[in-house]
Amino acid sequence: MRRLLPFLVMIGLMPCGVAMGQSAPPGFAFYSDVCYNSQGGDLLGTRIGVMKLRDAVYLFYQDAEGIFGEPQIIALPPHALAGGKLSFTIADFPDPSTFVGTISDRAIKVRLTNGGVGPKGTGVFNLKREALPEEGRFPAC
Amino acid sequence: MLAAQSDNIPLRFRYAYRDQAEQERLKHDPSAITPADKSLHSTGNAVDAYVKKLPPAMLSKLVSDAAAAGISWGGLFSTPDEPHFHVDPGGNRAQRINAFSQAVQALKDQIPGY
């Protein structure tokens, strides 16, 4: 949690005027498909936060395969989201993972470039935009 | 694990045992059908593997290797849980959870400063 604190503080300082209904992602947006699988007792899915600042686009990434893994914050070039394209690389096991796909004000749709199945086994990471979640509350899968 | 290794499947586990308190924190979902305290993670019979990067053919091989070792895959649940692998010992799960929790606590009590 301590590692996330600067990011959360920055979010709190952002203007609240998040425009909806436009294709481009707003200044800050949070996307998630995380759910709780009651049969296995596991959290599954991925959550991504995107914040556009003048110097860079900051992307928060965290996935859950049972429980949440280590959160990561990476910086992308300022125009990384131009044209609704999204591409980023995270540190991962056994080697870095690269995601490619699209981003809009409503959803992120990405795939792993190595053809991985993803936490939900579909191969597609389809994250819908959400309000920042109340900690520890997730919908049923 | 040896079978996965011989098949060149990169295998690592994210989590195994979760006590009931942790399972309840994880769940926190009033709409879930099965109570979280019935999870096989709380009996020490389930693990969660890193599977998201596995291509489908490699995941299939991992699942068949696990099945050959008597390990079931959560991807076959009615609501699939791909990272989840378990051995269900049967019997009364609530009793097993209580017994395992007590055994874990007894072990913790033997570790100074735990």
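**View 1. Helix 4 of chain B.** Helix 4 of chain B is hardly covered, since among its 17 residues the count of buried residues is one; a residue is called buried if 20 or more other C-beta atoms lie within 10 Å of its own, exposed if 12 or fewer, and partly exposed in between, with C-beta atoms placed from the backbone. This is a predicted model, in which local features need pLDDT of at least 70 and side-chain atom pairs count only at pLDDT 80 or more, while totals for chains, interfaces and linings use all residues. Residues are numbered from 1 along each chain as its sequence is written, and chains are lettered from A and ligands numbered from 1 in the order in which they are written. Helix 4 covers residues 93–109 of chain B and reaches 24 Å from its first C-alpha to its last, close to the 24 Å expected at 1.5 Å a residue, where the expected span is 1.5 Å times one less than the number of residues. Helices (H or I, at least four residues) and strands (E, at least two) are DSSP runs, numbered from the N terminus.

View 2. Met1(B) lies in the segment before helix 1 (2–6) of chain B. Met1(B) counts as exposed because 11 other C-beta atoms lie within 10 Å. Met1(B) and Glu24(B), 23 residues apart in sequence, are 29 Å apart in space, C-alpha to C-alpha.

**View 3. The side of chain B that touches chain A.** In the model, 36 residues of chain B are in contact with 33 residues of chain A, two residues being in contact if their C-beta atoms, placed from the backbone, lie within 7 Å. Strand 1 (13–15), helix 2 (20–27) and helix 3 (56–68) of chain B each supply at least two residues of this side, and helix 2 of chain B gives the most, with four residues.

**View 4. Confidence along chain B.** Chain B averages a pLDDT of 82, and 89% of the residues score at least 70; pLDDT is the predictor's confidence in each residue, from 0 to 100. Among the elements of chain B, helix 2 has the lowest mean pLDDT (70), whereas strand 3 (residues 72–73) has the highest (95). Over residues 29–36 of chain B the pLDDT is below 50. Where pLDDT is low, the predicted coordinates should not be read in detail.

**View 5. Chain A.** Chain A has one helix and nine strands, and buried residues make up 35% of its 141 residues.
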